[in-house]
Amino acid sequence: MGGPVGATVVADRLKPRWELAPAQPLLAGSLAAQLRVSPLLAQCLINRGLTDPESCRAFLEPRLAALEDPLQLPGMTAAVERLEQARDRGERVVVFGDYDVDGVTASALLQEVLERLGWTCSVYLPHRLDEGYGLSPDAVANCLRLHPTTLLLAVDCGSTAHDTVQELGRRGVDVIILDHHQPGRPLPPAVALVNPRAACGVGGEGRGRGEELCSVGLAFKLAHALVKQGRRRGWPEAHALDVRDWLELVALGTIADVVPLTGENRILVRSGLARLNRTERPGLRALCAAARCAPPLDTFHVGFQLAPRLNAAGRLETAQIALDLLRARDEAAAAGLAEQLDAWNRERQQVERRILEEIHARLQEGFHPEKDWVIVEGDPGWHLGVVGVVAARLVQEFHRPALVLGGDGECLRGSGRSIPGFDLAAALRGCSDLLLRHGGHALAAGLSLHPDRLDAFRQRLNELARRTLGPEALRPLLSLDAEVQLSDLTPEIMDELERLKPSGAGNPPVQLVARGVTLQRPLQRFGADQRHVRLWVTDGRAVFETLWWGGGWEAELPVGQFDLAFAPQWHTWNGQRRLRLRLLDWRPA
């Protein structure tokens, strides 16, 4: 972003800090010998906190058999007992979900499993624009009018809805909460609260069993617990059901929610991706076709191609379309639903670009990087369905927390995204006297407030950020696993490094540095507006094609000898596989 001094300063500060993990040749050599792997893979395992052979083997070979008993999760036994009581009584269970991919996949999974096991089950997904997030009074009233029930299963929401849950209890409606968001205090008086964060400290701080799971992971654990209980009780439906059939939904929701791909999430996503690549679900096959992505699918395809299309339904219209797609059993119907989601996703991108351009214009007029450590912008005309995506874009661009709010009647409502070191949910609690509602995670949260409090909120939040963050936190960190020679990157080594996948939050892709490389031939620009750059780099012994996405005309291009930070990748084209590099950053040697 060009223009005023403020924007230029931000661009300068966004040059990443390189942090090369300290080499540990003795430990890496010992691990390499015991695991029969290369020292490079051993060093990458050490960088991920894995320093003994047993934990390394468990990480490299994640197995479903290693999943913990679901009844070990706090609140799970109470949830199973109440659901079993509902089955015996013939009570309808209403799953009250959320409109994002995590909530929709969790709702689809639970509805299918409960119906297969003998329950009568309905799903209600709130409308983002009309009803807002979670167990809002309007959403609950609409839900119960459409689906009268005495048992509500709130999924991916409910942990801060103390008053609503209490009122439902007075009206004879029991509530089971299955959620992973930071809980409020006091905790909602649900008959069962399955939220690993509720077992931690105030605000969900601390570490507890299952803390890495998002809501679809918790839904899978509940399904597993119900099947185990059903088999103990002798239900024929439980003996005929295999919960592994829903792992592709678990992978979708877990990757889309950007939770750490460690612990049980790694196991679930690894197995779920394998199933997604051979899925028989008409809805998922149609979604892949609409997104123009074909196997082998990995976390990139899910996070950047499939998930945005599923999310587009809840952002612009109703998430019911996404739920219908996931549950579709007819190929033609699934194709139509996928085409609708694809069209909404294109519309979402246009709306998002317009809002981002307006924010850029505002920042060019009055952004001061020395004091504006958090970006807070709001406008009654901005579409509520995309403000969270816009906030995420701002974080990528400026590497500082960003909150974007749109119009919601007489108030502003929106979403925020943060950076490591700044707990956004905790910061919003520190501004609670200025807000109408708030809640979420350390890195993503939602809020609403009166427009006349926007400036005071911006000032308070920036004060909190300046007290919490150091100046270095406002520069992105480029973590590098090891220094290598380009000639070290053999196909055998690359295949070894692939064992670290799936990569994502909590398990970043392998990133390396090569010193003193040069260009082997002139670079080429390509893509729309020549935004990208193709280079051929060499260390004198090996040459690799290297792509710099977004390098474009404005970036300073490497000359002479330079140090290259990169991610090695397999690229498959026309059935041929070759290794190439993705440029992360460079600096003079």
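Strand β2 (residues 92–96) is paired with β3 in the parallel sense, over five bridges. The exercises below concern a predicted model.

**Exercise 1.** Determine the strand order of the open sheet with parallel pairing, and identify its edge strands.

*Solution.* The sheet has five strands, in the order β3-β2-β4-β5-β6, and the pairing is parallel. The edge strands are β3 (120–124) and β6 (192–194), each of which pairs on one side only. On average, neighbouring strands of this sheet are turned by 20° against each other, direction ignored. In general, the strands of a sheet pair through backbone hydrogen bonds, either parallel or antiparallel.

**Exercise 2.** Describe the open sheet with mixed pairing, and explain why one side of β7 and of β10 is left without a neighbour in the sheet.

*Solution.* This sheet also consists of five strands, ordered β7-β8-β9-β11-β10. Because β7 (375–378) and β10 (437–440) stand at the edges with a single partner strand each, one side of each is left without a neighbour in the sheet. From one strand to the next, the twist averages 15°. As for the partner of β10, strand β11 (residues 444–449) pairs with β10 in the antiparallel sense over four bridges. Within this pairing, Gly439 has Gly446 in β11 as its bridge partner.

**Exercise 3.** State which feature UniProt places at residues 374–465, and give the helix and strand content of the span.

*Solution.* The UniProt record, an unreviewed entry, places the feature "domain: DHHA1" at these residues. The span 374–465 is 33% helix and 30% strand. Its end C-alpha atoms lie 7 Å apart.

**Exercise 4.** Characterise the lining of the second largest pocket, and explain why this pocket lies between domain 1 and domain 2.

*Solution.* The second largest pocket holds about 370 Å³ of space. Its lining comprises 19 residues, and those nearest the centre are Ala58, Thr262, Gly263, Glu264 and Ile267. By class, the lining residues divide into six nonpolar, five polar and eight charged. Turning to the helices, α4 (53–60) and α13 (263–276) each supply at least two residues of the lining. α13 gives the most, with four residues. Finally, domain 1 (17–61 + 478–588) and domain 2 (70–197 + 210–278) both give residues to the lining, so the second largest pocket lies between them.

Definitions and conventions: Residues numbered from 1 in each chain as written. Predicted model: local features only at pLDDT ≥ 70, side-chain atom pairs only at ≥ 80, totals over all residues. Heavy atoms only, no water. 1 Å grid on protein atoms, 1.4 Å probe; cavity = no way out; pocket = protein on both sides within 12 Å on 5 of 7 lines; lining within 4 Å. Points joined across faces, edges and corners; volume = space filled by probe spheres on them. Nonpolar A, V, L, I, M, F, W, Y, C, P; charged D, E, K, R; others polar. Domains from an automatic or database assignment. UniProt positions renumbered as here; feature names shortened; annotations may be inferred. Pairing = 2+ DSSP bridges. Axes fitted to C-alpha atoms, helices over the stretch in contact; angles between N-to-C directions.
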